Amino acid sequence: MSVQNLNTFDPFADEADPLAANTDAGQQNHIHIRIQQRNGRKTLTTLQGLPREYDAKKLLKAFKKEFACNGTLVEDEEAGQVIQLQGDQRTKISTFLVEEGIPRATIKLHGF
């Protein structure tokens with residue numbers, strides 16, 4: 001009699017190690033739009049992974065004017081330049097970037 005439940009199965013065997021250094025040069029870079037909970041109802045939207053050909057300062061200024069919110073540009077060691085905006089601006093940022101010519105497939109929305 002064999003028991004099937006005792007067999008080992010690793011559901012993440014085909015996935016790469018997310019904490020490993022980016023050794024794959026052909027890996028496609030994605031733009032990550034995340035939301036972080038601050039205190040109470042306050043939220044913070046972060047944008048990272050923006051291609052180098054886009055000026056982050058000009059983009060931040062356009063975001064602040066278009067979405068009527070405050071924001072800042074933070075320099076991170078691992079993620080590079082990260083744009084932070086007040087409030088939940090995930091869908092607005094996504095549509096803005098698609099209108100500017102960035103393919104929707106490279107934009108990843110995270111959160112809630």
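1. Phe63, Phe67 and Phe96 are joined into a cluster by ring pairs. This is seen in a predicted model, in which local features need pLDDT of at least 70, side-chain atom pairs count only at pLDDT 80 or more, and totals for chains, interfaces and linings use all residues. Residues are numbered from 1 along each chain as its sequence is written, and side-chain values use heavy atoms, with hydrogens and water left out.

2. The structure holds 3 aromatic pairs. Phe63 and Phe96 form one that is edge-to-face, at 5.1 Å centre to centre with 70° between the planes. Rings of Phe, Tyr and Trp (its six-membered ring) pair if their centres lie within 6.5 Å; planes under 30 degrees apart count as stacked, over 60 as edge-to-face and the rest as tilted. This pair links distant parts of the chain, with Phe63 in helix α1 (residues 56-67) and Phe96 in helix α2, 33 residues apart. Helices (H or I, at least four residues) and strands (E, at least two) are DSSP runs, numbered from the N terminus.

3. Phe63 counts as buried because its relative accessibility is 0%, and Phe96 is buried with a relative accessible area of 13%. Buried means under 20% relative accessible area, exposed over 50%, and partly exposed in between (1.4 Å probe, protein chains only). Phe67 and Phe96 also form an edge-to-face aromatic pair, at 6.2 Å centre to centre and 80° between the planes. Phe67 lies in helix α1 and Phe96 in helix α2, so this pair ties together parts that are 29 residues apart in sequence. Phe67 has 10% relative accessibility and therefore counts as buried.

4. Which residues have the most contacts inside the largest nonpolar core? They are Leu47, Phe63, Ile83, Leu85, Ile93 and Leu97, in a core of 17 residues. β1 (31-37), α1, β4 (80-86) and α2 each supply at least two residues of this core, and α1 gives the most, with 5 residues. A nonpolar core is a set of buried Ala, Val, Leu, Ile, Met, Phe, Trp, Tyr and Cys residues joined through side-chain atoms within 4.5 Å.

5. Ile83 is in contact (heavy atoms within 4.5 Å) with several residues beyond four places in sequence, including Thr45, Leu47, Leu50, Leu59, Phe63 and Leu73.

6. From the N terminus on, the elements of the protein chain run β-β-α-β-β-α-β, which comes to 2 helices and 5 strands. An open sheet of 5 strands has the order β3-β4-β2-β1-β5, with mixed pairing. β3 and β5 (107-109) stand at the edges with a single partner strand each, so one side of each is left without a neighbour in the sheet. Neighbouring strands are turned by 25° against each other on average, direction ignored.

7. β1 and β5 run parallel and are joined by 3 bridges; two strands pair if DSSP finds at least two bridges between them. Ile33 has Leu109 in β5 as its bridge partner.

8. How do the helices lie on the strands? α1 lies across β2 (43-48), β3 and β4, running at about 10° to β4. α2 packs on the sheet and touches β1, β2, β4 and β5, its direction making about 165° with that of β1. Axes are lines fitted to C-alpha atoms, for helices over the stretch in contact, and angles run from 0 to 180 degrees between N-to-C directions.

9. Ser94 lies in helix α2 (residues 90-99). Is Ser94 buried or exposed? Ser94 counts as buried, at 6% relative accessibility. Leaving aside neighbours within four places in sequence, Ser94 is in contact with Ile33, Arg104, Ile107 and Leu109.

10. Ala68 is found in the loop between α1 and β3 (71-76). Ala68 has a positive phi of about 55° although it is not a glycine. With a relative accessible area of 70%, Ala68 is exposed.

11. On confidence, the protein chain averages a pLDDT of 84, and 75% of the residues score at least 70. pLDDT is the predictor's confidence in each residue, from 0 to 100. Over residues 23-27 pLDDT stays under 50, and the model has 1 contact beyond four places in sequence for them. Where pLDDT is low, the predicted coordinates should not be read in detail.

12. Buried residues make up 26% of the 112 residues in the protein chain. Among contacts in the protein chain between residues at least 6 apart in sequence, 50% join residues at least 24 apart.
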